[in-house]
Amino acid sequence: MNLIVLVLCATSFAGFGALLLAYLGARKRGGELEKSLAQALNQIVQDENALQKRKQLDTMKDEFISTVSHELRTPLTSIRGALGLLSAGVMGKVDDKALNLLRIASTNTDRLVRLINDILDLERMDTGSAPLHLRRCNLKEIVKQAADTMRSMAEDHDILIDIVPEEKTDAIAFEGDPDRMQQVLVNLLSNAIKFSPNGSTILVVSSLDGNNLLLRIEDAGRGVPADKLETIFDRFQQVEPSDARQKGGTGLGLAICRSILVQHGGTIWAERNDAEDTSRTGMTFTLRLPRIIAASEVMPLPLAPQGAILVVDDDAGVRQVVAEQLRRHGYTVLETDRGEYAVQIAERHHVEAILLDLYMPGLPGWQTIELLKKNPATADIPVVILSVLSPAANTLDSTQLLSSAQGWVQKPFHESLLLAELGRVLHVGTGPGRILLVEDDEDLASVVLSSFEIERQQGRNDQQIGIHHVSNAADAKRFCLSGPPDILILDLTLPDGSGFELVNWLRQQPNLRTLPLVVYSGREVTGAEMEQLRLGPTQFLTKARVQPKDVEELVLAMMRHLRQPALEARPA
């Protein structure tokens, strides 16, 4: 009996001990879990604080970039423009000593401008705010244009640029941004020229590698140490500290090249020429680029419809493409496949302009024009010819009749060309030309106005063209309502609003929505923003990248184009 009691007691104590150990273990694990939870909560708080600080830093960076774009580029543009006018002797003859000082000032101003532009370019690429404008490009043409751009610099150094397309690569096409690819090639050729000895040759060799294209730029310069072949693509990197001073440049060019190639889904790398052949000197930069990359479509801000555009073409596919392009830009579109129907539609509807094919069954295009011009109800409707023929091709007997057309777009055409020509015919100026400059920086405005005035005084500017300046959106609206200008030069940063708001207001005015526009901004304009800003024929310029004189030349060229009928130069 006592033995049984002892066994029961021992069992009870064992069970109690096991429970106690389990309780202590659970309590310990609970403490550890509580500690882990506290650590996790603390980490979450720290991450949230870090994220908030990152957002604040991003906001500060964006504000800094905006300040650099406008507050530095605008005065630099004024300085560079003023120096250019002084160097040209506008204020009187300049002696050699003063001219040398002006040259030094201009050179260093340009160097500062390039540095700012390069920094902003890299920042925009890194943040994804510099989207590619993709189109089908011909490699041979891109390379030739870049080589032609650098030909003068190469000749100054007695250097030959030799383009060596390999077999079957003459017609290599790829999807890419031609302006960005030009920027890459010009940058690489510029570096090759700077570091190559006089009398040497730079080779540009193209080839195919499966679905990729390869482009090699080979020079005979001093080369780059093997341990720096990768670091030269970092920001502000120079092989020698004295290169920035002696050779020029900002140390950002190769970093920009790599960013552009990455945007295209490609790569770039550098190799020493003596790695395979010890008798050779110099470097080879190789670009690998996919021939097809994905492109995202940008939907533009629609225009307020006023009247309709009549598309007349017997090809249903052409009508569909043209109609879709016009509708995406806010136009109301009417369609027909016959010239006789076009005359009836133009009589019965409010038609702003007619896009007309020449060769159609039934009533051909030139007879359609004749009927339209003889009818008082349709005689004033501008006609833009859509044809596979060039406007310079004298293949028709009805040359005099075809001069009644206000525009001409040759098939196949790019959307931007069609829209620009349509905008031109919808905004044809008569009488003295009026240019409106909307710019809040008085110094820059003074330089631009002086540039126009000098051209007028020297007889290179039409005496009938006048330029007017306002510094805010309210005055710009009043000026436009008093009489539409022929061309508007617009800064996007205004004291009483933004250029976007002004353009949106112009878009709502029936007689202003096709106004030719030159956006002259202190910052780069994205592709989506370009679509929001586009009115009639529209050009985009960035301050500090172009001088006021370049703005003047562009505006005067646009003015001449607006006032010259498309078929005026057609040979008899």
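Ile381 touches Ala346, Val351, Glu352, Ala353, Ile354, Lys373 and Gln406, with residues up to four places away in sequence left out. Contact here means heavy atoms within 4.5 Å. The model is predicted, so local features need pLDDT of at least 70 and side-chain atom pairs count only at pLDDT 80 or more, while totals for chains, interfaces and linings use all residues. Residues are numbered from 1 along each chain as its sequence is written, and side-chain values use heavy atoms, with hydrogens and water left out.

Ile381 lies in the loop between helix H9 (365-374) and strand S11 (383-387). Helices (H or I, at least four residues) and strands (E, at least two) are DSSP runs, numbered from the N terminus. Ile381 is buried, at a relative accessible area of 9%. Buried means under 20% relative accessible area, exposed over 50%, and partly exposed in between (1.4 Å probe, protein chains only). Ile381 and Ala346 are 35 residues apart in sequence. Their C-alpha atoms are 8.4 Å apart in space.

The protein as a whole has 16 helices and 19 strands. Of its 572 residues, 43% count as buried. Among contacts between residues at least 6 apart in sequence, 72% join residues at least 24 apart.

The largest nonpolar core has 39 residues. A nonpolar core is a set of buried Ala, Val, Leu, Ile, Met, Phe, Trp, Tyr and Cys residues joined through side-chain atoms within 4.5 Å. Leu188, Ile217 and Leu287 have the most contacts inside the largest core. At least two residues of this core come from each of helix H3 (139-156), helix H4 (178-195), strand S4 (201-209), S5, helix H6 (253-263), strand S6 (267-272) and S7. Beyond four places in sequence, Leu287 touches Met181, Val184, Leu185, Leu188, Leu213, Leu214, Leu215, Ile217, Leu261, Thr267 and Ile268. A second, separate core has 23 residues, including Ala476, Cys480, Val503 and Leu512.

Empty space was also examined. Rolling a probe the size of a water molecule over the atoms shows where empty space is left. On a 1 Å grid over the protein atoms alone, a cavity is a set of points where a 1.4 Å probe fits but cannot get out; lining residues have an atom within 4 Å of a point. Grid points are joined across faces, edges and corners, and a volume is the space filled by probe spheres set on the points. The count comes to one cavity of 30 Å³ or more. The largest cavity has a volume of about 40 Å³. Its lining consists of Leu139, Phe174, Met181, Leu213, Leu215, Leu287 and Leu289. Strand S5 (212-218) and strand S7 (283-290) are the elements that give two or more residues to this lining. The lining divides into seven nonpolar, no polar and no charged residues. In this division Ala, Val, Leu, Ile, Met, Phe, Trp, Tyr, Cys and Pro count as nonpolar, Asp, Glu, Lys and Arg as charged, and the others, Gly among them, as polar.

H6 is mostly covered, with eight of its eleven residues buried. These are Gly253, Leu254, Ala255, Ile256, Cys257, Ser259, Ile260 and Leu261. Just after H6, Gly265 takes a positive phi of about 80 degrees. Ile232 sits in the loop between S5 and helix H5 (243-246). Ile232 is buried, with a relative accessible area of 7%. From Ile232 to Leu254 the C-alpha distance is 7.0 Å, across 22 residues in sequence.

In helix H14 (residues 499-507), the buried residues are Gly499, Leu502, Val503, Trp505, Leu506 and Arg507. They pack against helix H13 (473-482), strand S15 (487-490), strand S16 (493-494), strand S17 (497-498), strand S18 (517-521) and helix H15 (527-533).

Most residues other than glycine have a negative phi. Asp158 is not a glycine, yet has a positive phi of about 55 degrees. Asp158 is found in the loop between H3 and strand S2 (160-165). At 53% relative accessibility, Asp158 counts as exposed.

Definitions and conventions: On a 1 Å grid over the protein atoms alone, a cavity is a set of points where a 1.4 Å probe fits but cannot get out, and a pocket is an open set with protein on both sides within 12 Å along at least five of seven lines; lining residues have an atom within 4 Å of a point.
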